[in-house]
Amino acid sequence: MSSVDTIQEHEATGVSNQKMAMWLFLSSEVVFFAVLISTYLFYKGKFSQGNLSPEELFDIPFTSVSSFILLMSSLTMVLSHNFYEIKNYEKSRIWIFATAFLGILFISGQIYEYTEFIQSGLTISSSIFGTAFYFVTGFHGLHVVIGVILLLTTGSQIGPNKNNRKYGLSIESLALYWHCVDIVWIVIFTVVYLIP
Amino acid sequence: MKTKSKTIYKRPTQKSKFVNLLTTVDHKKIGIMYLYTGFTFFLVGGLEALLIRLHLAQAESTLLSAAEYNSLFTVHGFTMVFLFFMAVNSGFGNYLIPIMIGARDVAFPRMNALSYWIYFFGALFIHSTLFIGTTAPPVGGYLSEESNLFSNAVAGGWFLYQPNAGIQFSPGTATDIGVIGIIFLGVASLISAINLTVTTFNFRAKGLTFMKLPVYVWMTQVVSFLLIFSLPFITIALFSVVFDRQFGGNFYNVAMGGDPIFWQHLFWLFGHPEVYILILPVFGIMSEIIPVFSRKPIFGYATLVFAGFAIGFIGFGVWAHHMFSSSIQPLAQAGFGAATMIIAIPTGIKIFNWIATMWFGKRNLNVAMLFSIAFLINFVIGGVSGVLHAVVPSDWQQTDTYFVIGHFHYVLVGGGLFGIFAGIYYWFPHVFGKKLNETIGKVHFWILFLGLHLTFLPQHWLGLQGMVRRTWWYDEGMNIEFWNLISSIGAVTILVGVLVFIFNWIFSKRKGEAAEFDPWDGRTLEWSTPLPPPEYNFYDIPKVKTRDDFWHRKYAVDEDNRSVSKGKHDEIKKYTLATTLMDNSHIHLPSNSLFPFITGFGLPFLGWSLIFRGTFMSFVLLSIGILSLLIGIFGWILEPEHE
């Protein structure tokens with residue numbers, strides 16, 4: 001890419017263009033999630049109006065397992081990035097698909113959880129708790145889905161005989177995004193599920 | 001990879017003018033496209049405002065119906081803030097930033113094109129509210145059922161207060177289209193902000209360290225940070241409205257425990273930084289024009305830059321001054337009032353910097369400078385009436401009256417628009433290689449100046465007399481007819497001024513005085529190119545030694561600290577013009593790409609399919625949207641930046 005020669009020709013920070021852009025995007029994402037979680041906290045004091053309380057609904061062991069799965073996907077992402085850096089594209093591809101698989105597992109868990117809750121009577125319109133809960137977890141889930149799509153498409157271009165991401169999103173930027181989405185889940189899990 | 005992509009899809013080239021328009025990634029062309037589109041929406045928004053003023057010219061007017069009036073002031077606000085102002089600022093930023101820092105293009109040329117196309121299709125999406133939007137009178141409401149172009153558009157004010165803009169009181173699809181359209185525009189602004197930030201950080205010419213950057217670049221940088229950190233607030237806020245309106249959420253449904261005040265907090269947490277997003281680039285434009293036409297370096301460069309950062313920072317802490325009449329605690333009111341007074345200080349620093357730059361300078365009172373001086377006058381008037389709102393009891397008296405309308409139009413029209421016109425007169429030769437006509441320009445300036453004060457000064461008095469904003473009807477004999485009439489006459493005067501400007505634009509583009517190199521004896525790097533600049537901007541990437549480097553190539557400083565010409569003007573000019581004829585095959589520029597256009601094209605379809613969901617039509621719309629996003633994004637990824 002052109003970034004290498006431009007750095008020599010210009011007064012630059014030394015951080016590659018794409019990485020800096022990803023950090024800037026993530027800083028915007030962090031504010032996005034901060035506002036999202038604040039929204040939940042703001043409405044938390046008003047939950048009594050609904051007929052279902054969070055404590056009755058949440059299955060903490062189940063969600064803990066799916067949270068653990070999402071956290072482990074950060075580990076597999078690190079492995080994939082590591083193998084990519086040492087140019088072992090075969091293993092890098094395996095671990096990136098493993099990451100995507102764990103992401104899909106997490107999403108499946110979320111879909112299962114949603115169906116359970118909807119059957120118990122918690123919908124977006126049933127109470128303010130329902131609105132806030134689906135708002136926060138739904139937007140996080142959307143980010144995971146986008147991440148999984150990125151992982152799958154990126155993974156399909158990595159391998160011994162592939163172009164190995166000469167263009168487009170680099171593995172490093174993708175890893176940054178994925179870790180950010182994971183870390184945000186720790187906060188959401190704590191705020192939404194664990195704190196009574 | 002390369003051979004494969006060539007067989008299925010031939011990369012667009014610049015041969016056809018129309019194809020080039022759709023596929024260009026040149027930052028200058030994209031900047032000009034932003035300016036033209038933005039200015040078109042300025043005319044649309046201006047005509048909407050004119051209709052409002054014509055309606056209010058006399059008491060008990062029936063020119064517009066109440067529903068039309070509500071839609072007109074809402075669409076006027078959307079158009080002017082999001083479609084005109086932000087677009088024109090983006091246009092200036094796109095055109096100027098790379099060329100001011102000695103770069104050949106932005107960091108991500110195709111992303112730049114993408115942000116333009118998302119803005120373009122987002123703007124069309126918002127205006128589709130006029131044609132496919134529906135509104136229905138709320139249950140028990142006073143609005144009569146009618147259907148025409150304007151009464152079906154989004155209504156509820158540009159800040160869409162809940163629950164008034166909720167599903168209960170604003171049924172129909174019009175509001176949804178407005179809300180989702182602004183989400184699209186937010187995406188465009190975010191991409192553009194990230195792109196310009198990376199460009200400023202990584203593409204500066206050798207030697208152009210941060211404290212040597214032109215002030216305009218600094219101000220746009222502050223705006224980029226403001227966008228990056230404030231857009232999430234409006235995105236969440238708008239999505240919460242989509243949740244309420246589309247999926248039956250309860251965020252603003254008071255009966256279910258929702259809280260409408262939360263919307264106000266979210267909106268103004270974005271909305272106040274937004275005010276600075278609009279005005280800071282104009283501060284930057286002022287800081288470029290005033291030194292050039294005073295023939296002095298900018299006074300207090302560092303204070304100007306840091307004042308800009310202070311404004312950006314404090315701008316996040318004053319949002320509740322828009323909400324003093326809401327139920328917020330007295331202590332919070334006192335705190336936000338104090339913060340609002342404090343933010344006047346960095347703004348004041350800037351005003352004194354500009355005055356001190358002009359002081360003892362050899363001022364050249366041409367049109368760009370006239371607009372700049374008028375900017376200072378208008379902005380001080382608008383600023384002083386703004387600080388009045390920091391006094392909470394005074395604000396209770398003025399809020400939601402025409403006093404507020406007068407205040408922010410002084411800032412945005414008298415400040416922002418005048419600054420933009422100054423910028424247009426100043427950089428027009430750079431874009432087209434011809435100067436705008438000075439005589440017509442002076443006529444334009446004085447008509448606009450008169451029109452501004454005629455329109456907005458009486459609105460302060462109307463407001464203090466108690467005329468409420470967004471009011472469709474006022475009875476005769478309330479003693480406010482006279483100033484309303486004057487204000488409407490002023491609005492027509494502004495129209496005349498703008499028409500003179502359009503005439504000047506067309507006239508000067510054809511027959512203007514030619515300017516092939518450095519017409520203003522400029523200070524910054526953008527004037528060191530041939531005019532209009534070639535596609536690669538700089539034949540040699542400049543090497544910078546000092547602030548205002550181009551000036552110091554032409555002038556030395558004697559013992560009394562006065563500038564003395566080095567007598568090298570002709571030599572520099574001759575060489576620069578000669579470079580246009582030299583071989584430039586070693587300069588690699590990014591190639592044209594169609595994929596940003598295709599990606600942007602898909603977004604409105606996704607929006608429409610959400611709004612009309614559950615029908616077969618929505619399925620078709622969804623398919624078109626997803627298909628064009630897929631083609632756009634994957635084509636993009638598989639295509640190298642340049643070949």
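This is a predicted model: local features need pLDDT of at least 70, side-chain atom pairs count only at pLDDT 80 or more; totals for chains, interfaces and linings use all residues.

Guide: Residues are numbered from 1 along each chain as its sequence is written, and chains are lettered from A and ligands numbered from 1 in the order in which they are written.

Visitor: Which element gives the largest share of the side of chain A that touches chain B?
Guide: In total, 32 residues of chain A are in contact with 41 residues of chain B, where contact means that the C-beta atoms, placed from the backbone, lie within 7 Å. Helix 1 (3-9), strand 1 (10-11), helix 2 (17-44) and helix 6 of chain A each give two or more residues to this side; helices (H or I, at least four residues) and strands (E, at least two) are DSSP runs numbered from the N terminus. By class the side has 15 nonpolar, 14 polar and three charged residues, with Ala, Val, Leu, Ile, Met, Phe, Trp, Tyr, Cys and Pro counted as nonpolar, Asp, Glu, Lys and Arg as charged, and the others, Gly among them, as polar. The largest share, 13 residues, comes from helix 2 of chain A.

Visitor: Which residue in strand 1 of chain B does His10(A) stand opposite?
Guide: Strand 1 of chain A pairs with strand 1 (residues 204-205) of chain B in the antiparallel sense, over two bridges, and pairing requires that DSSP finds at least two bridges between the strands. Within strand 1 of chain B, the residue opposite His10(A) is Ala205(B).

Visitor: Are helix 5 and helix 6 of chain A roughly parallel or roughly antiparallel to each other?
Guide: The axes of helix 5 (residues 89-120) and helix 6 (residues 128-155) of chain A come within 9 Å and cross at roughly 155 degrees; axes are lines fitted to C-alpha atoms, for helices over the stretch in contact, and angles run from 0 to 180 degrees between N-to-C directions. Angles under 35 degrees count as roughly parallel, over 145 as roughly antiparallel, 65 to 115 as roughly perpendicular and the rest as oblique. Helix 5 and helix 6 of chain A are therefore roughly antiparallel.

Visitor: How many nonpolar residues does the contact of helix 8 with helix 9 of chain B have?
Guide: Helix 8 (residues 215-247) and helix 9 (residues 260-294) of chain B have axes that come within 8 Å and cross at roughly 165 degrees, which makes helix 8 of chain B roughly antiparallel to helix 9 of chain B. Beside two charged and four polar residues, the number of nonpolar residues in their contact is 24.

Visitor: Which helix gives the most to the side of domain 1 of chain B that touches domain 2 of chain B?
Guide: Among the domains of chain B are domain 1 (1-25 + 591-643) and domain 2 (30-213), with bounds from an automatic or database domain assignment. Their contact takes 15 residues from domain 1 of chain B and 18 residues from domain 2 of chain B. With eleven residues, the most on the domain 1 side comes from helix 19 (residues 595-611) of chain B.

Terms used: Two residues are in contact if their C-beta atoms, placed from the backbone, lie within 7 Å.
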